[in-house]
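Please walk through this model with me, one region at a time. Keep the sequence and the structure side by side.

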Amino acid sequence: MSTKHQELATFIWSVADLLRGDYKQSEYGRVILPLTVLRRLDCVLEPTKDAVLDRHKQLKDLGVQNMDPVLRKAAGLSFYNTSEMSFRKLLGDQDHVALNLRAYIGGFSPGAVDVLEKYGFDTQISRLAEAGLLYQVVAKFADIDLHPNVVSNHQMGYVFEELIRRFSEISNETAGEHFTPREVIKLMVNLLLAPDEDDLVTPGIVRKVYDPACGTGGMLTEAQEHIQAHNPHATVEVYGQELNGETYAICRSDMMLKGGDPTKIAYGNSFSQDGHAGERFDYMLANPPFGVEWKKVAPFIHAEAARGHAGRFGAGLPRMNDGSLLFLQHMISKMKRPEDGGSRLAIVFNGSPLFTGTAGSGESEIRRWILESDLLEGIVALPDQLFYNTGIATYFWILSNRKDPGRRRKVVLLDGRDYWTKMRKSLGDKRKMLTDEHIAELTKTYVEALSIANDSEHPQHAKVKVFKNTDFGYQRITVERPLRLRFEVTEETVALLAETRAVLKYGERESLLAAAKSLIGIQSKSRAEFAMKLNGLGKLPAAVEKAVWESFSVTGPNGEVQTDRKGKPLPDADLRDNENVPLGEDIQDYLKREVLPHVPDAWIDETKTKIGYELPVNRHFYVYTPPRPLAEIDAEIKAAETEIQALLREVTR
């Protein structure tokens, strides 16, 4: 952003000097952002203000009910204002600024009023009036000329984004929920669009971009600017949805200030109130909140999942405390069909969606569907400490349903964890940033990696690896070992029998326990032999007899192998184990090679075998670093001891 834009943003932000003391720093944006929007709208509407007022009076006299289309036409814009008031006129009546400001806001068309309501600006009017600040603040904004002839839509967008950035940075506790660092967005947009740059220069192209968790709209703005930088004549339609009212208002106002269509920014939960149902998009990108539970909208999500792949969540449902993979499925459902040109999407995740959930779980089934449908194009591992409200590692997932033939059934992994520079000043948890050089190199490396045909390490770049989809799949096998029991009656096993539910309810409990105590000391490795020794207990009800056997049975390696009626060994649940076998490998060969040499009596229960998928990105780039020689470490310790002793001698002199 140029110095001029920063100066204008700084001047607008100087209103904060008036607010200091009556407002916390984190609250400044609640006043500054909506008033910036109001002042810009006021300046934009000024040339047609009289025409709109005249037309409104005519329509009112004629009793016309639906004036909206006519007044939009009179204004020449997607919004208008039918109030006699303006910013300048507000200053003419110092005693009634609040009343007149509310009347002025009420004169806006419905879309603009909705934005201001979501800001909760009416509360701020009352608060400013009570503090005796309203007139001063309005006067400050009235001095700012935001007329389109002075500040273009493009420039206004930059000004507003600079204000949003400042607002986010001083609200570190919530910034990450609404604001993604600009350099992270730039890299994400580059990776999403760079493979299509030849197509983007096509004359007259129309591209639709969507963000289901759009926050303040930074990703949509960057994508729009990227496309139009390559093709100034391209038509880029941006769509978004945001759950937080204030953030939605910021995003929608940004669209209004840039001359875009604010109606394409929907309000509400993307899962339960899909604001763009039935729409499909060329490009999608999102930074959804990490680890947010979806319990509140569970009925909607379960109903949608019940529709299978006719709905949005047919692949599976993740655990309740993390809806990240729901966002991804939601976006996939809005991909254009390949025959209609297909789509590409990028999304920011933490590490959890890569590997959380074993085979058969919701997360694993979602990953399985994505990989078996050949939608995953690549994953880029990012440095930690890039975001405002979390220092954890993050990843870009990039998906496409229109891979070139040479890229099909392949996934690119790019390790970008070492591409960062330390910030001079931390912003919340953000201590690292990407430079333009990092972004350019990562983009170039990723695009080059897409052309690699072999499934090996990039010949020129150790940070890139290309895998087949099936390389991420595995068979989760259940390894069983036989149940071995020996049998004995001891004081401990009799006490155990006495506390079982069946015996506690048994009418002849005391006589049973007395008989059992008389058998203390008997033992056997054979069930049949032990059964004969228990004849003294007499005929028992089935539940009590079962309790007797369970109490007097002890597992151990020297016990007798227990079998079912067909003579097959019964499994010992305590010795049961699960192992992951690479997809495609014969599980019986695996058993012979990896298990039987250690436990010769083991077998695989193939009825329990499940297919799973995980994406252990970091593991594939792990490089073993051997520890330093002990002699070197000892030498350092001795040198440190010598230095400490020298310092102590200096102190005691």
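Is Arg20 buried or exposed? Arg20 is exposed, and its relative accessible area is 52%. Its side chain still has a partner. Asp17 and Arg20 meet in a salt bridge, with 3.2 Å from N to O.

Before going further, a word on confidence. This is a predicted model. The chain has a mean pLDDT of 89. Of its residues, 96% reach 70 or more. One stretch needs care. Over residues 173–178, pLDDT stays under 50. For that stretch the model has ten contacts beyond four places in sequence.

Back to the charged pairs. Side chains of opposite charge can pair when their charged atoms come close. The count for this structure comes to 43 salt bridges. One of them joins Glu363 to Arg319, at 2.8 Å from N to O. This pair links distant parts of the chain, 44 residues apart. Glu363 belongs to helix H20, residues 362–372. Arg319 sits in the loop between helix H17 (298–305) and helix H18 (324–332). Arg319 counts as partly exposed, at 40% relative accessibility.

Stay on helix H20 for another pair. Glu365 forms a salt bridge with Arg368, and their closest N and O atoms are 3.8 Å apart. Why can these two be described as one turn apart? They are three residues apart in helix H20, so about one helical turn separates Glu365 from Arg368. Glu365 counts as partly exposed, at 26% relative accessibility. Arg368 also counts as partly exposed, at 25%.

Elsewhere, salt bridges join into a network. Its linked residues are Asp415, Arg417, Asp418 and Lys463.

Now turn to helix H21, residues 436–449. How far does H21 reach from its first C-alpha to its last? The helix has 14 residues and reaches 20 Å, close to the 20 Å expected at 1.5 Å a residue. Several of its residues are buried: His438, Ile439, Leu442, Thr443, Thr445, Tyr446 and Ala449.

The cysteines come next. How many disulfides does a search of the whole structure find? The search finds zero. Take Cys251. It is in no disulfide, and the nearest cysteine sulfur, that of Cys214, is 3.8 Å away. Cys251 counts as buried, at 0% relative accessibility. Cys43 counts as buried too, at 1%.

End at a proline. Where is Pro232 found? Pro232 lies in the loop between helix H15 (218–230) and strand S2 (235–242). Pro232 is exposed, with a relative accessible area of 62%. Val201 is 31 residues from Pro232 in sequence. In space, the C-alpha atoms of Pro232 and Val201 are 8.8 Å apart.

Note on methods:
Residues are numbered from 1 along each chain as its sequence is written. This is a predicted model: local features need pLDDT of at least 70, side-chain atom pairs count only at pLDDT 80 or more; totals for chains, interfaces and linings use all residues. Side-chain values use heavy atoms; hydrogens and water are left out. Helices (H or I, at least four residues) and strands (E, at least two) are DSSP runs, numbered from the N terminus. The expected span of a helix is 1.5 Å times one less than its number of residues. Buried means under 20% relative accessible area, exposed over 50%, partly exposed in between (1.4 Å probe, protein chains only). A disulfide is a pair of cysteine sulfur atoms within 2.5 Å. A salt bridge is a side-chain nitrogen of Lys or Arg within 4 Å of a carboxyl oxygen of Asp or Glu. pLDDT is the predictor's confidence in each residue, from 0 to 100. Contact means heavy atoms within 4.5 Å.
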